[in-house]
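Thanks for coming. Please have a look at it before I start.

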Amino acid sequence: MTDDPRQAPQHEPHRPADGHGSSPQGQPTIPAGWPKRGRDYGRPQQGPLQPAGAGVASHGAGPGSIPPGWPGRRPQDRIVLDPGKPTWMDLVTVLAYLIIFILGAAVLVTFIPGFREQFTEPDGTLNEGSFTFSINLISYSVLTVLALIACWKPFIASFRTFKQYGWLKIGLIPVIWFVCIMVNALVVMAAGQPIKSANQLAIEEMTTQVAFLPMVLVTVFMAPFVEEYIFRHLMIGKLSRWINVWVCVVISMVLFALIHFLSTGFNFDPVQVIPYLTLAAAITVAYVLTGKSLAYATILHVFNNLISIVVAYTLLPLLPEGM
């Protein structure tokens, strides 16, 4: 029996079961393995088990999370440190600072039997530079120990600021110092004469009579740490809990500048304040912008003093006397 070809079954074109290939209307569909239409690349498909927006909020490294730097990922939050509340140890340290430097208790060490004789020359004159340095060494040793006891935890924690833009912050330290030098140079040019305070002259005199390493210990490490603890960590970091932070900034800058004229009874030429105000402004703003980092403020202050001491021991002796 011969089959009639007119009765042969009509075969339809093959269509994949998953819907890929050509659509019934002749429009091309997404090839197998490609992301389906209506699904955002790199984001998990929303379903009954995943609330809307979950893909954007997820910042982890799991499947479907948004890679760092891609649109939809929130920028990293700026690190802001909490200096903590004032403590009894803070009060003890501040009182010790006031008693030693403001009330002049540091001179009490001169009544120790034999202390003054250690700095008396054979002709009976007193070696003023070594004598003053020794008093500062004892004073800052006491204050450094007290300040470390009071703030060693927040001080170590403040190094966290370098987790964000660490190399940039480190690179800005010499830049900030250079800007301060340029501002001071402009002030000197405007004044028409070198500007040196009594504090600066006393330091230069000490460099001619005191060895380099002991001088570095006191003026480069101890003094900056104590001053940053008092004028930045306490006066801005902790005082700003109750007073606007920028009001605290002004208070800190003014007191920091004035404290360097304590030895003259605050009798000074107003122009002499400019270098200290410049340094105070640079350190204070850096302290606030780095999230109240005591470590960054201290490092910036240490860098400034280190350059000054190195110049005092290497270049100043080469200059003509009186410059």
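How many cavities of 30 Å³ or more does the structure hold? There is 1. Before I describe it, a reminder that this is a predicted model, and the values I quote are computed from it.

The largest cavity has about 40 Å³ of space. Who lines it? Ile176, Trp177, Cys180, Leu279, Ala282, Leu300, Phe303 and Asn304 do. By class, the lining has 7 nonpolar residues, 1 polar residue and no charged ones.

Next, the aromatic rings. The count comes to 14 aromatic pairs. One of them is Phe261 with Tyr276, where the ring centres are 5.4 Å apart and the planes stand at 80°. The cut-off for edge-to-face is over 60 degrees, so at 80° this pair is edge-to-face. The pair links distant parts of the chain, its members being 15 residues apart. Phe261 is in the loop between helix 7, residues 245–259, and helix 8, residues 274–289, while Tyr276 is in helix 8 itself.

Are these two residues buried or exposed? Phe261 has a relative accessible area of 1% and is buried. Tyr276 comes out at 11% relative accessibility, and counts as buried too. Buried here means under 20%.

Ring pairs also build a cluster, made of Tyr97, Phe101, Tyr140, Phe231 and Phe256. Phe256 turns up again when we look at charges over rings: the charged end of Arg232 sits over the Phe256 ring, 4.7 Å from its centre. Another case is Arg116, which lies over the face of Phe131 at 5.2 Å from the ring centre.

Where is it found? Thr207 is in helix 5, which covers residues 198–207. Its relative accessible area is 10%, so Thr207 is buried. What does Thr207 touch, leaving out residues up to four places away in sequence? The contacts are Met215, Ala312 and Tyr313.

Definitions and conventions. Residues are numbered from 1 along each chain as its sequence is written. This is a predicted model: local features need pLDDT of at least 70, side-chain atom pairs count only at pLDDT 80 or more; totals for chains, interfaces and linings use all residues. Side-chain values use heavy atoms; hydrogens and water are left out. Rings of Phe, Tyr and Trp (its six-membered ring) pair if their centres lie within 6.5 Å; planes under 30 degrees apart count as stacked, over 60 as edge-to-face and the rest as tilted. Helices (H or I, at least four residues) and strands (E, at least two) are DSSP runs, numbered from the N terminus. Buried means under 20% relative accessible area, exposed over 50%, partly exposed in between (1.4 Å probe, protein chains only). A charge sits over a ring if NZ of Lys or CZ of Arg is within 6 Å of the ring centre and within 35 degrees of the ring normal. On a 1 Å grid over the protein atoms alone, a cavity is a set of points where a 1.4 Å probe fits but cannot get out, and a pocket is an open set with protein on both sides within 12 Å along at least five of seven lines; lining residues have an atom within 4 Å of a point. Grid points are joined across faces, edges and corners, and a volume is the space filled by probe spheres set on the points. Ala, Val, Leu, Ile, Met, Phe, Trp, Tyr, Cys and Pro count as nonpolar, Asp, Glu, Lys and Arg as charged, and the others, Gly among them, as polar. Contact means heavy atoms within 4.5 Å.
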